Amino acid sequence: MDNLTYEQMLDENDITIPKLKEIYQLPEVSRYLSISDNYFCYVTKTNGVYFYKVWNKDELIGTIHLELNEDLLYMDILIFPKFQRKGFATKVIEDIQNDIFKLNYNKIEISIDEENSASLKLFENAGFTRTSKDDELINLVYQK
C-alpha cells in the first residue's frame with residue numbers, strides 16, 4: 001500500500017488512454033462512471049482540472065479526476081475492478097485529504113450513485129458526510 005504513486009496525465013495522447021477507455025467501458029465501471037469522447041482532452045487542457053493515474057509499483061490500478069474551484073475540490077476516484085476491496089481507494093482518499101497534490105482546498109465534494117453502496121460506505125468511513133441528493137446521486141462533503 002505504501003507503494004502507491006501518482007502520475008499526472010498532461011498529454012491528450014498519453015499511451016495509457018486506450019487501456020483506460022477499455023476499463024471505463026466495463027459494465028461494472030460504466031454503470032457508475034462514464035467519460036465523453038473528448039474527456040482526455042478536457043482533463044489535460046483545462047485549467048483547474050487534474051487527472052492522475054494511480055500506480056501500485058509498476059501496475060496501473062486506477063485514476064483520479066480532480067477539479068479545483070477556488071477552495072472547493074471536486075473529486076472522482078476509480079480503482080480498477082480487479083484491484084477493488086484491497087485498501088487502495090482508502091489510501092488514495094487519505095492522500096487527497098492530506099493534500100498530496102498541493103491544491104490548497106478547504107472542502108472536497110463528491111457525488112456517488114445511490115446504488116453504489118460500497119463507495120458510499122468507503123467515503124463515509126473516510127469522514128465524508130451526506131449533504132444532499134440530486135436524482136440518483138448522493139452528494140458528500142469532506143471539510144478540512
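This is a predicted model: local features need pLDDT of at least 70, side-chain atom pairs count only at pLDDT 80 or more; totals for chains, interfaces and linings use all residues.

Me: Which strands does E7 pair with, and in which direction do they run?

Reply: Helices (H or I, at least four residues) and strands (E, at least two) are DSSP runs, numbered from the N terminus. Two strands pair if DSSP finds at least two bridges between them. Here strand E6 (residues 129–134) and strand E7 (residues 137–143) run antiparallel and are joined by 5 bridges. E5 also runs antiparallel to E7, with 7 bridges between them.

Me: Which residues of E7 are the partners of Ser132 and of Asp113?

Reply: Ser132 has Asn139 as its bridge partner in E7. For Asp113, the partner in E7 is Leu137. Leu137 also has Asp134 standing opposite.

Me: How is burial judged, and how many residues of E7 are buried?

Reply: A residue is buried under 20% relative accessible area, exposed over 50%, and partly exposed in between (1.4 Å probe, protein chains only). By this rule 5 of the 7 residues of E7 are buried, so the strand is mostly covered. Leu140, found in strand E7, has a relative accessible area of 1% and is therefore buried. Val141 lies in strand E7 as well, and its relative accessible area of 13% makes it buried.

Me: How many residues does the largest nonpolar core hold, and which of them touch the most other members?

Reply: A nonpolar core is a set of buried Ala, Val, Leu, Ile, Met, Phe, Trp, Tyr and Cys residues joined through side-chain atoms within 4.5 Å. The largest one here has 45 residues, and those that touch the most other members are Ile64, Leu66, Met75, Val92, Ile96, Phe123 and Phe128. Beyond four places in sequence, Ile64 is in contact with residues including Tyr6, Tyr50, Val92, Ile96 and Phe101. Val92 and Ile96 are among the buried residues of H4, a helix that is mostly covered, with 7 of its 10 residues buried.

Me: What is the phi of Asp99, and where does Asp99 lie?

Reply: Most residues other than glycine have a negative phi. Asp99 has a positive phi of about 55 degrees although it is not a glycine, and it is found in the loop between H4 and E5. Asp99 counts as buried because its relative accessibility is 9%. Glu70, also not a glycine, has a positive phi of about 60 degrees and lies in the loop between E3 and E4. With a relative accessible area of 71%, Glu70 is exposed. In the hairpin of E6 and E7, which has 2 residues between the strands, Asp135 takes a positive phi near 55 degrees.

Me: What is the volume of the largest pocket, and what lines it?

Reply: On a 1 Å grid over the protein atoms alone, a pocket is an open set of points where a 1.4 Å probe fits, with protein on both sides within 12 Å along at least five of seven lines; lining residues have an atom within 4 Å of a point. Grid points are joined across faces, edges and corners, and a volume is the space filled by probe spheres set on the points. The largest pocket holds about 880 Å³. Its lining has 33 residues, of which Tyr32, Ile77, Gln84, Asn116 and Ser119 lie nearest the centre. H5 supplies the largest share of that lining, 7 residues.

Me: Which residues line the second largest pocket?

Reply: Among them are His65, Tyr74, Glu109, Asn139 and Leu140. The volume of this second largest pocket is about 180 Å³.

Note on methods
Residues are numbered from 1 along each chain as its sequence is written. Side-chain values use heavy atoms; hydrogens and water are left out. Contact means heavy atoms within 4.5 Å.
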